[in-house]
Amino acid sequence: MRKALSFVLISVFLVVALLGTVSCKATKGTLQEVTYNLGTEPATIDPALSQGIPEANVILQVFDGLTRIDKNNMPQPAIAKSWVISDDQKTYTFTLRDASWTDGTPITAYDFEYAWIRALSPETASQYAYQLYYVKGGEAFNMSIKSGTKYYVQAVDAKGNPVTKSVGGKDVAVPDMTKEIDPSKDVGVTALDAKTLQVVLESPTVYFLNLTAFPTLMPVCKAVVSTNDKWAADVTNFVTDGPFKLTEWSHNDKMTFVKNPTYWDKDTVKLSKITYLMVTDESTALSMFQNGQMDVGSTVPLSELPKLVASGDAKIFPYLGTYYYMFNVTKKPFDDVRVRKALTLAIDRNAIATSITQGGQVPALAYVPNGIADAVAGSDFRTVGGTFYKDADIAAAKALLAEAGYPDGKGFPAFTLLYNTSNAHKSIAEAIQQMWSKNLGISCTLKVEEWGVYLDDRNNLNYQVARAGWIGDYMDPNTFLDMFVTNGGNNGTGWSNKTYDDLISKAKVTTDPVARMATLHDAEKILMTDLPIMPIYFYTNPVLITKHVMNFYQSTLGFVDWKNAYME
Amino acid sequence: MLKFILQRVLSMILVVLIVATATFFMMRLLPSGPFAREKKLPAQIIQNLEARYHLNDPLWKQYVDYIGNLLRGDLGPSFKYTNRTVNNIIDDGFPVSATLGVVAVLLSVAIGIPLGIWGALKQNGWQDNVVMFVALLGVSVPNFIMAVLLMLVFGLWLHLLPVAGWGSIRQIILPAFTLAGYPIAFIARLVRSSMLEVLRQEYITTARAKGLSERLVIFRHALRNILIPVVTVLGPLIAAVFTGSFVVEKIFAIPGLGRYYVTSINDRDYTTILGVTIFYSALLVFMNFLVDLTYAWLDPRIRYVERKVS
């Protein structure tokens, strides 16, 4: 008996040990192969259906748009070799270069036209369709109602309210059969010939060439996509035009890309193979990185970050985003700007950045983060705009609170601070709770909610003060500022200011870059005077990266591009 | 016997339908929906998405459609993973979870039973103390601690095994041992106590008195009897191993089905929540059914026949 048992136990250990010795660590040398942790399974690889950063980080390797963002965050010619912009800055005429799809067929202007119309079609239900609302007629087409094979404008009554009919207890929009939308005529994207694409915009959009590098605006091969709606379900029919080609997609596990031999700029591409892993657990990712199982990782455990940065195993990249608290200005006491300002001044952002978040975050003394170019070449919107208040200006905060009728916080009603489940949000909320209590003598209770519940409460103004974050969609101050217009979908605070709304509308139609930026600076000044939100810090994007990876590029939008990277 | 099986199959289908119905309506009571984002989507885009997934139909119609499709074996498209269906997700994920689960269950039986017997035979000796200590550790150390510990020792310190990932036999070892930790300990304790009890039975004394070798006494006479409690716990244990793999799958970056159990709820991915829940509940009732059948085979006193009233 004892022998039998010992045998079982010994053999188990032997198997473990034997399998262990088979492990031979492959020497990387200067093999042009890299392993990257994407951090999660991408929701899709279809550019029109992209939902966020993980999808973009796949799509940008396998697709090339009209333009591509370079390492200075500026758009450069890609599939478009040149373009002409009309004097009113509303018509762009792109000339395409000779380039081909991975199946060998040439990329034409018809492919772009097809891809953009497809992304805007209501039945595609693209979440990023709004990145094409700049194109003339784009928003109207995306809002249209399909009836049979045709699209119609939604019917409205004499007052301009949408007409609906009740179907089984639900209100359904009704099409106006007299107003047809024909996307081939009514949407401002037209292939003049195989190599010429004409785009007409709703209004001048100075950052349009940035947008043409965005995943939603990537071309798709019309011949393939129009005949196969499962083209992006796996790698078999996934015809693309970028620097790399997707050869394997094992869900929730990994993706393999190889250099695309048909890419027009293939001589620039040095990497021969990229492997994406989908490790969600940050500590596991770090262990794999330390064990040599990955070279670059998109997630870093925050507690280890300072140590990793010091040892050179992690780098902190700028990230176009602002972490802030929002006030529900429709409820007392936050309808009083003095209260909002007192709360904004009474916190020590520097302490939060250096001892809590520890990822090189910049204390936010304004709303629009660093990293967006201003009108004059080489200038930064933030540097030009300056700051709007001092960090931890406690004396001023106290004075404002007293002026509002709450000297030393006396009589200040109890309120709750809402955030969604996350250790980072919790630590920050606790610190701020304590700062308000110490500096102003006011107390608040913390309320944590699951993501969906939190979003629901936030959207319904069912909160007093809530945590929020905003990541830019494109590199222009507008992506941060236009959300706070009256009743804007992402305003979320109940704040409304007529002058602000006018400035944002004015900026949208101003073509002169200097005047336009001045208008946006004015708008930000109003926002930062009225303070419906309290900026806390500007985000950063830490990345695990070995010293062997050269030319790694991650845009301020958080998009990774491997086109120019190589191993050393 | 056939009638028993038929009855059980019918009640199993009923249970699954009840689970499907309850889940369908309960998840709709959750605040927010599949298209809620911190960056709120424009109203017309939400409208397009709802139309695409038929979420603008009345709820009763959605339910009827869903059950209709379910009976045809179609679990619908995932709301989160645009190009995938829930059937797809289960097809990809379940074999992985099942492989890991089966290896873990085999490990727990192959290690747990001998450990328990060994402990019982050397009752109160040092071997017994070692077994009980290991069992105590296994029962009390949570699997996420075990996972990190194994990773650290075998991956980062000894460099014997990859710390995480999936695809090779070497990558199964650490997660399988993590997952098997609790069952090994549980089975070892169970086997030890029932073995001690069985060894005091008269038929064992008889067997020994007949002059049978100790090996025969243990393997032929005692073992079969201690298997009954083991099989009883094995049903729920297998279920726990299969469904409880969420943490292990996440930590070891394994592309299994377990993680969808939690992530789909966070994403409000309605069809995936339903599909995974229905699939797992079907699996559970089926496992219990198998356990019941195994009893009959192990214990001649249990036979699923109608009692004839004479």
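Is A:N551, with its 15 C-beta neighbours inside 10 Å, buried, exposed or partly exposed, and why? A:N551 counts as partly exposed because 15 C-beta neighbours lie inside 10 Å, where a residue is called buried if 20 or more other C-beta atoms lie within 10 Å of its own, exposed if 12 or fewer do, and partly exposed in between, with C-beta atoms placed from the backbone. A:N551 is found in the loop between β23 (549-550) and β24 (553-554) of chain A, and its phi is near 55 degrees, a positive value in a residue other than glycine.

This is a predicted model, in which local features need pLDDT of at least 70 and side-chain atom pairs count only at pLDDT 80 or more, while totals for chains, interfaces and linings use all residues. Residues are numbered from 1 along each chain as its sequence is written, and chains are lettered from A and ligands numbered from 1 in the order in which they are written.

**Confidence in chain A**

The predictor's confidence in each residue is expressed as pLDDT, from 0 to 100. Chain A averages a pLDDT of 91, and 94% of the residues score at least 70. Among the elements of chain A, β5(A) has the highest mean pLDDT (98) and α1(A) the lowest (49); helices (H or I, at least four residues) and strands (E, at least two) are DSSP runs, numbered from the N terminus. Over residues 16-28 of chain A pLDDT stays under 50, and for this stretch the model has ten contacts beyond four places in sequence, a contact being a pair of residues whose C-beta atoms, placed from the backbone, lie within 7 Å.

**Strands and a helix across them**

In chain A, four strands form an open sheet in the order β4-β5-β12-β11, with antiparallel pairing; two strands are said to pair if DSSP finds at least two bridges between them. The edge strands, each pairing on one side only, are β4 (80-85) and β11 (189-193) of chain A. Within this sheet, neighbouring strands are turned by 25 degrees against each other on average, direction ignored. Two antiparallel pairs of chain A are set out below.

| Strands of chain A | Bridges |
|---|---|
| β5 (residues 91-96) and β12 (residues 196-200) | five bridges |
| β13 (residues 244-250) and β14 (residues 254-259) | six bridges |

A:T91 stands opposite A:V200 in β12(A), and the bridge partner of A:L246 in β14(A) is A:F257. The hairpin of β13(A) and β14(A) has three residues between the strands, and in this hairpin A:N252 takes a positive phi near 65 degrees.

Helix α3 (residues 109-120) of chain A lies across β5, β11 and β12 of chain A and runs at about 165 degrees to β11(A), where axes are lines fitted to C-alpha atoms, for helices over the stretch in contact, and angles run from 0 to 180 degrees between N-to-C directions. A:I117 is found in this helix α3 of chain A and touches A:P183, A:V187 and A:V189, not counting residues up to four places away in sequence. With 18 C-beta neighbours inside 10 Å, A:I117 counts as partly exposed.

**An enclosed helix**

Helix α10 (residues 337-345) of chain A is largely enclosed by the rest of the structure, because seven of its nine residues are buried. Among the buried residues of α10(A) are A:V339, A:R340 and A:K341, and what covers the buried residues includes β17 (314-327), α13 (394-403), α14 (423-440) and β22 (533-545) of chain A. In the loop between β17 and α10 of chain A is A:P333, which a cis peptide bond joins to A:K332, with omega about -5 degrees.

Chain B has twelve helices and zero strands, and its C-alpha trace spans about 85 × 70 × 30 Å along its principal axes. Buried residues make up 39% of the 310 residues in chain B. In the loop between α4 (86-121) and α5 (126-140) of chain B lies B:N124, which is exposed, with 9 other C-beta atoms within 10 Å.

The contact takes 49 residues from chain A and 51 residues from chain B. On the side of chain A that touches chain B, α1 (2-22), α4 (138-143), β9 (170-173), α8 (282-290) and α15 (451-459) of chain A each supply at least two residues.

Conventions
Two residues are in contact if their C-beta atoms, placed from the backbone, lie within 7 Å.
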